Amino acid sequence: MHRYIGDKLYWVLHAPRQTGKTTFLQSWMREINAGNEAIACYVTVETCQGITEPEKSIPAICHAIQFHAEVIGLPVPKIIDTDPVSMLGQTLKNWSSLVAPKPLIVLFDEVDVLIDQTLISFLRQLRSGFASRGVGTFPVSIALVGMRDLKDYITASKGGVPPNPGSPFNIKSDSASLSNFQKSDIGRLFAQRTVETGQQITTEALDYIYDQSMGQPWIVNSLFSRATMRVLEQDSTETVTIDHIREARKQMIQARETHLDALGERLRDQRIRKVIQTIITGETNLAMSRTSPDVELAMDLGLVRWDTQTGFTISNPIYEEIMTRYLDAPYHDNLPPPSTWQWAKPDGTLDMDALLKAFQGFWQNNSEVWEQAADYPEAFPHLLLMAFLQRITNGSGRIEREYAAGRGRMDLAVEYHGEWNILEIKLLRQGKSFETLMAEGVKQTLGYRDSFAGVPGNTACRSQDGTPVKCYLIIFDRRPDKPAWGDRIKWLNNGDVTVVGC
């Protein structure tokens, strides 16, 4: 990134929240200032959030510059110009002259909080000084940092109209982003603790952290922190195992920490809703591509990822868990208490047959009314069923989910007291028969069972007594001209799979 300084480039750094942007910027600033190449300063404009009037926001940005310069011991620029149209530009010019003979680099963070005329005025003043940038005249390099690329801010500030070639920041040379950790990065991160304390971690635990986080930095750090300071005693040198990480994961989700809780608010956005609902249901939506604005937004926010093997999926299993719990919370919290259902065998193990028959009855009696209030109507069957399962498994089991756009199904593996059940959900649409969908779904269910059993640490192919684990295919009839309830509610045995019609 030092080429941005040498080549006098203005650029954008964008990445989702809690991926380490601020940590990186401040570290890089210290590295630059420790050498002789230039003078750099980190400046956050977060105090301008929600302010649309330049006469209020531009002075606030200038005061933020003064504050951050003083904090790290740099010359503090004077605010001479009182006109907000030129105040920022004049302040940056004055600052550049103060740090000469070294060039000035400014790293503006939280730029995504600037909106409307505040954003436009901010960018115009940067552009006005761009041509004269140089030692003593204007910052030679400026970074604008936030969650999204600059064109998205400009589009939002113009009411959804994309920027034209004469936009206020067409001087932007490059857009960079921060990636998630690779698996090797996670190992090196914990190795720092091993050097400091002698505490070890198993390879299985490291693999599980990567599988659950897909390298998302905040999740990785949170799992490490909880496992070593809450699940284990803070001064413990006991080796961290996969069981410690699983407990840390459970605590993290139940705590609803700010970063994870904020994911739920994102799901209210109509643009995000379209993308997430398609992924949950496994449907194919030809309007979804990596270049579509809604998908770009979901990916920029770190909610969704795409790869050649799976297509569009939720970014990681922990985000899946949080989003699912957020979306099915209204159903989960208003279901009848589990004591009113038949769901447990005399020995305390899960009676999935009885639970799904109870669900069929509830679906028949309540689904039409409950669906009218659903925020995600296409995913309503999936969310209501998962709410049913969560009421039972909370504290004594867990649900492993697997869904992706274009797969045509959702796969669930439910563990309760060490026993596994495999469930697959499919939607019966107009133009397809129940029998055809059932044949397709039975094959997919058995395929998921076998693939899930191949994951290290899972024994889903066999129950504790060695018999094949139970598999269920739940088919929801979503056809406009669906038959009467008496013909919709089905319970069929198809080889190793029980087919449940709803």
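Begin by selecting K250, whose place is in helix 10; helices (H or I, at least four residues) and strands (E, at least two) are DSSP runs, numbered from the N terminus. At 34% relative accessibility, K250 counts as partly exposed, where buried means under 20% relative accessible area, exposed over 50%, and partly exposed in between (1.4 Å probe, protein chains only). If you also select N285, 35 residues apart from K250 along the chain, you will find the two C-alpha atoms separated by 33 Å.

Before moving on, please note that this is a predicted model, in which local features need pLDDT of at least 70 and side-chain atom pairs count only at pLDDT 80 or more, while totals for chains, interfaces and linings use all residues. Residues are numbered from 1 along each chain as its sequence is written, and side-chain values use heavy atoms, with hydrogens and water left out.

**The whole chain**

Zoom out to the protein chain, whose secondary structure comes to 18 helices and 13 strands. Its C-alpha trace spans about 80 × 60 × 35 Å along its principal axes, and of its 502 residues 51% count as buried. Among contacts between residues at least 6 apart in sequence, 69% join residues at least 24 apart, with contact meaning heavy atoms within 4.5 Å.

**Helix 9 and helix 10**

Two packed helices are described by the angle between their axes and the distance between the axes. Select residues 217-231, which form helix 9, together with residues 242-255, which form helix 10: their axes come within 8 Å and cross at roughly 110°. That makes helix 9 roughly perpendicular to helix 10. Here axes are lines fitted to C-alpha atoms, for helices over the stretch in contact, and angles run from 0 to 180 degrees between N-to-C directions; angles under 35 degrees count as roughly parallel, over 145 as roughly antiparallel, 65 to 115 as roughly perpendicular and the rest as oblique.

Which residues of helix 9 meet helix 10? On the helix 9 side, show W218, I219, S222, L223, R226, A227, R230 and V231, and on the helix 10 side H244, I245, E247, A248, R249, Q251, M252 and A255. By class, this contact of helix 9 with helix 10 has 9 nonpolar, 3 polar and 4 charged residues, where Ala, Val, Leu, Ile, Met, Phe, Trp, Tyr, Cys and Pro count as nonpolar, Asp, Glu, Lys and Arg as charged, and the others, Gly among them, as polar.

Next select M214, in the loop between helix 8 (203-213) and helix 9; M214 has a positive phi of about 50° although it is not a glycine.

**Helix 14**

P317 is found in helix 14 and, at 24% relative accessibility, counts as partly exposed.

At the start of helix 14, a side-chain oxygen of N316 reaches to within 3.1 Å of the backbone nitrogen of I318. Follow helix 14 (residues 317-332) to Y326, where it bends by about 35°, and then to a proline, P330, which follows within four residues; the bend at a residue is the angle between axes fitted to the seven residues ending there and the seven starting there. The buried residues of helix 14 include I318, Y319, I322, M323 and L327.

Select T313 in strand 7 (residues 311-314), which is buried, with a relative accessible area of 7%. Leaving aside its neighbours within four places in sequence, T313 is in contact with I279, L303, V304, R305, Y403 and A404.

Then go to E400 in strand 8 (residues 397-403). Is E400 buried or exposed? At 19% relative accessibility, E400 counts as buried. Its side chain makes a polar contact with the side chain of R398 (3.1 Å), a polar contact being a pair of N or O atoms within 3.5 Å; within protein, one must be able to donate a hydrogen and the other to accept it, and residues adjacent in sequence count only if both atoms are side-chain atoms. Not counting residues up to four places away in sequence, E400 touches D411, L412, A413, W420, Y448 and F452.

**Last stop**

Finish at P101, in the loop between helix 4 (87-99) and strand 3 (104-109), where a cis peptide bond joins A100 and P101, with omega about 20°.
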